[in-house]
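Have the model open as you read.

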Amino acid sequence: MLRSQIATSLKNIKPFLKISSSLKPYSHRPEMSMASVEESQVGILCYISQLPGFRGILKQRYSDFIVNEVALDGNVVHLTTLDSPLEIAVEKKGKVADLQDRDYTHEIESFRVLAGDSDVEKLKELIDQVVTGVINKDETIVLSPSSDKCHRTAVHNFFKERMKCLVTDTVDGPDSSSKCIRVRMNSGSNNGRGRNSRKRKNRDDKPYDSRGSDSSWPENLGKFLRFHLYKENKDTQEALGLLSKMLGTKPRSFGFAGTKDKRAVSTQRVTVFKQRASKLAALNEKLIGIKVGNFCHVNEGLVLGQLQGNRFTITLRSISAENEDIIRAAATALGKNGFINYFGLQRFGSSSIATHLIGAALLRGEWKAAVSMVLEPREGDILLYCCSLVYIFLEKNVMKDATRQIREYYKESGDIEGTLRQLPRYLVAERAILQCFQKSPGNYLQALLAIPRTLRMMFVHSYQSYLWNHAASMRVQNYGFQQVVLGDLVYCKEEENDKETLTSPLECEDDAGDDTHIDCNLEDIPVADLSEVKNASVKVISEEDIAAEKYSIEDIVLPLPGSRVCYPSNEIGKIYHDLAKKDAISLTESAHNSKEFSLTNMTGAYRRVFQKPKDFEWELLKYTDPNLPLAETDMDVIAKSRASRIVRDSDEKESPHDCRPETDNCNNEIDISANIKDDTQTETSESQESQTALKLGFTLPASCYATMAIRELLKTSTSVAFHRALN
């Protein structure tokens, strides 16, 4: 059935699809029981180019989709080494040596003014005895009692700022109204942190509290270890969850600029708080599908949005067209004209209940309906089984996914405790709701607020994206893509230098486009609000602007609805309000008192309508073995470098990749034949007919979806089910 539907859709593909004049609110449509979200349901309707498309398989192998993060400095992030730098593994100089190398006469005299002669003599005696080795460096002195807390604070700060080789804490004084400050060498212990820490009244001489001390971490190293994370066929949260478990730390200790695709090979920068490079590097021997390297210590951790974009290397396999001129023309047009900067299907989830439908319910204040949509069984829970290159779609009456069975169990029984015992931990939203119901049965709003903020806000952001997509389609349908028109919104030329960095917080969460659904495991990470800057950077096109030819289509933006955005003054502005009204949603008034789920409490943002890929390149490849990788990953480069060193040492020559250009082929064509297998493949194909692949390389800003560029090229659906069926 599915294959016949796809075959029919391939025959009926049109380069330009008009928007129906009778748009219906998708949140009330019965056909939403389909197995997954369709592009037309979320406003993905038009193409820029009217050139014909062609057949090609996206992500036949996860190594066909390579993503390398582009840092804020413009450098493409690659994994180039797995080794830990030697200087990072070296411990800092001891505190006793620090005392020996420095003259503290001036500090001691300053301390005399603060504490008096008696305490100064105690301090001098402690330093002299430790330096000469007369006493152990763990010995302490106790300063004179003081009932003045401000004075004690000043003493603590003195040691913290001017004599960092010494640390202090507070102990009880001789009477109930006074306290004493205890001084000791900074020994690098845990300073009372953890299970063995005791309250002040129960301390004898040890352990100490950590006041004025950060002795557990070397002063010469930044508190954050930055490294490059390389992963294959894993999403960012899954990879970091595994690393945190192996390191014995919390996932929240990690920082990253954006999530990357799961079914892909990706490299990105990550930071982790107070970890040694040698410890992370040692994990490489145990990790499967994950590698870490390029270590360095920095003073600040990464947060969402701290990236310029992503570099994509995408291979489309089994290319089929009437002739290769069609492929060349389509690739050239993509590089020249770009694509419509739609929010991709990943934004709306991979199950039958799209995230924007839940967002619409939240905006209407229908808390119970929203909870039901999160918890109820859905068609997207059916398993997809892969056998070599053939994907078999199993009907729900033949084989049900365990997750769907759990959902059905709760729907039929209402057993919260029993459902929680079965529910996988990665179903964060579902678990949060049910755990809240245990404490507050029937409190649907409270249950929704129990979901981690980043995840619960994704639903509302998805509805904003849904409106934006429809507005973008209407803009292309009504005015084309050749020039700006009266009433368009554009980035102001006066702020040309700023516009590249004006990225919506909504657009930072899934910058590379990820095969995520509402069951994703997201951390509750606050996202910076840059709306005020963005709002000052747009203007409405006037007759004078058109006459001056000051702006081009690359400057055109459309708003993501919010309280501080303005809308185009032409017909495009009206579609936002019309479509929202059909979903019983107002863009200017809230239907309830919950500010978190209200567009009037969200500032909004702007997003480019048209996007050109940067540093665009492409080539046609000929291959016979479908198990052969057609693009080099970072680990391929590292392995090749190691192999070459071994060859030089042993004088043995090996050639794992045999790539040779076809001498009689035209430009941009290469013939590749070899016998290298991906982790996902179990058998090597025997000799087959030669096939064509199209390899693309391009860079996109953060929040742009590479799948939308591929859609413009192929003129076919970008859904996962569609391309799996092509296999």
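## Cysteines

Cys 46 is buried, at 0% relative accessibility, while Cys 150 is exposed, with a relative accessible area of 63%. Here buried means under 20% relative accessible area and exposed over 50%, with a 1.4 Å probe and protein chains only. A search of the whole structure turns up zero disulfides, a disulfide being a pair of cysteine sulfur atoms within 2.5 Å.

## Ground rules

This is a predicted model, so local features need pLDDT of at least 70 and side-chain atom pairs pLDDT 80 or more, while totals for chains, interfaces and linings use all residues. Residues are numbered from 1 along each chain as its sequence is written, and side-chain values use heavy atoms, leaving out hydrogens and water.

## The largest cavity

There are two cavities of 30 Å³ or more. A cavity is a set of points, on a 1 Å grid over the protein atoms alone, where a 1.4 Å probe fits but cannot get out; lining residues have an atom within 4 Å of a point.

The largest has a volume of about 60 Å³, and its lining includes Ile 48, Ala 330, Asn 337 and Glu 712. Helices H9 (324–337) and H21 (706–714) each supply at least two lining residues, with H9 giving the largest share, four. Helices are DSSP runs (H or I, at least four residues), numbered from the N terminus.

## The second largest cavity

This one has a volume of about 50 Å³. Among its lining residues are Leu 375, Arg 407, Tyr 410 and Glu 430. Helices H12 (402–413) and H14 (428–439) are the elements that give two or more residues to that lining.

How values were computed
1 Å grid on protein atoms, 1.4 Å probe; cavity = no way out; pocket = protein on both sides within 12 Å on 5 of 7 lines; lining within 4 Å. Points joined across faces, edges and corners; volume = space filled by probe spheres on them.
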